Amino acid sequence: MKPDSTAQPLPSTPPSPHAGPPQPGKSPAAGPPLPGRYKRYATWIIFIVVLVACSIHTDATPYQLIIGLPEMGILLSEMFPPDWSYLPTIWKPMLETIQIAIVGTTLGAILAIPVALLCAYNVMPRKLISLPMRTILNLVRTIPDLLFASIFVAVFGIGPFAGMLALLFFSFGIIAKLTFEAIEAIDPGPLEAMTAVGASRIQVIAFGVVPQALPYFVSYLLYTFEVNVRAASVLGLVGAGGIGLLLDRSLGLFRYDRASIIILLTLVIVLAIDYGSNLLRRKLL
């Protein structure tokens, strides 16, 4: 016999007479959203309270901004027009600033490579080695570049060598930190495959870790160089060489027109380096 194609489907199970009426806008299987909503409200309230408390203790209020605007207008009026005749004097210190940034960034990046490999758990699983290296790296990163510059000026005297050392340690801390985090996030498949076929630790690093982490390392290197050019411009405020020496002298003599030409030249150099590093990053990555 052929099955009857006109057979009706079985009726669905009727709802239980003890079940209450369905609530509009809410699925019976969905959990109550109120606890999550309360957590979000509490998070925003805590954030606003902390922000207001910090603003009060630091006098970061709209009133302070309003009363300071006239003084800012007076300062800007004294900075313009810039003293263009001072431009030939600042070319050599500006070139020195760029050289400080190049040497400091390069040497810091070279020192960061072995430290980043020793800090990454997937490359160095022995915590007796990786944890002390991370502790040293965190200690270096807690010291700002101006403090490094002040220490090296006290040790080696006033000059660009102290600024170069300050940027070396500053670059080392940033690049090593970002690179070992990138190494820990690489694909573990090639590393496991090479280890399974008997590759040594050096071969795993050279052919499994480096090809995956190299693009990130180059990106961090270029970013740190951009930051160091800006940082090297103010290291002269503590005697670490560069254009900062002339900037400090101009501000101390209230020659704001000369300070403005220094700031404008620094801005042009930074924009040019930023544009060039973006082009280089696209070609390399």
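Is F169 buried, exposed or partly exposed? With a relative accessible area of 31%, F169 is partly exposed; here buried means under 20% relative accessible area, exposed means over 50%, and partly exposed is in between (1.4 Å probe, protein chains only).

Before we go on, a word on the model. This is a predicted model, in which local features need pLDDT of at least 70 and side-chain atom pairs count only at pLDDT 80 or more, while totals for chains, interfaces and linings use all residues. Residues are numbered from 1 along each chain as its sequence is written, and side-chain values use heavy atoms, with hydrogens and water left out.

**Aromatic pairs**

- The structure holds seven aromatic pairs; rings of Phe, Tyr and Trp (its six-membered ring) pair if their centres lie within 6.5 Å, and planes under 30 degrees apart count as stacked, over 60 as edge-to-face and the rest as tilted.
- One of them joins W44 and F47 edge-to-face, at 6.1 Å centre to centre and with 85 degrees between the planes.
- Both W44 and F47 belong to helix 1 (residues 34–57), where they are three residues apart, about one turn of the helix; helices are DSSP runs (H or I, at least four residues), just as strands are (E, at least two), numbered from the N terminus.
- An α-helix has 3.6 residues a turn, so residues three or four places apart point the same way.
- W44 counts as exposed because its relative accessibility is 58%, while F47 is partly exposed, with a relative accessible area of 49%.
- F148 and F169 make a stacked pair, because their ring centres are 5.4 Å apart and their planes are at 25 degrees.
- F148 lies in helix 5 (residues 145–156) and F169 in helix 6 (residues 160–184), so this pair ties together parts that are 21 residues apart in sequence.
- F148 counts as buried, at 7% relative accessibility.
- Ring pairs also link F148, F152, F156, F161 and F169 into a cluster.

**Charges over the ring of Y121**

- The charged end of R134 sits over the ring of Y121, 4.0 Å from its centre; a charge sits over a ring if NZ of Lys or CZ of Arg is within 6 Å of the ring centre and within 35 degrees of the ring normal.
- K127 also lies over the face of Y121, at 5.6 Å from the ring centre.

**Salt bridges**

- The structure holds five salt bridges, each being a side-chain nitrogen of Lys or Arg within 4 Å of a carboxyl oxygen of Asp or Glu.
- R134 meets E184 in one of them, at 2.3 Å, N to O.
- That pair links distant parts of the chain, with R134 in helix 4 (residues 127–142) and E184 in helix 6, 50 residues apart.
- R134 is buried, with a relative accessible area of 17%, and E184 is partly exposed, at 32%.
- D83 forms a salt bridge with R255, and the closest N and O atoms are 3.4 Å apart.
- D83 is buried, with a relative accessible area of 14%, whereas R255 counts as partly exposed at 30%.
- R258 forms a salt bridge with D83 too, again with the closest N and O atoms 3.4 Å apart.
- Here R258 in helix 10 is 175 residues apart from D83.
- A network of salt bridges links D83, R255, D257 and R258.

- Most residues other than glycine have a negative phi, and most peptide bonds are trans.
- The peptide bond from F80 to P81 is cis, with omega near 0 degrees, and P81 lies in the loop between helix 2 (62–79) and helix 3.
- F254 has a positive phi of about 60 degrees although it is not a glycine.
- F254 is in the loop between helix 9 (244–252) and helix 10 (256–284), and counts as exposed at 60% relative accessibility.
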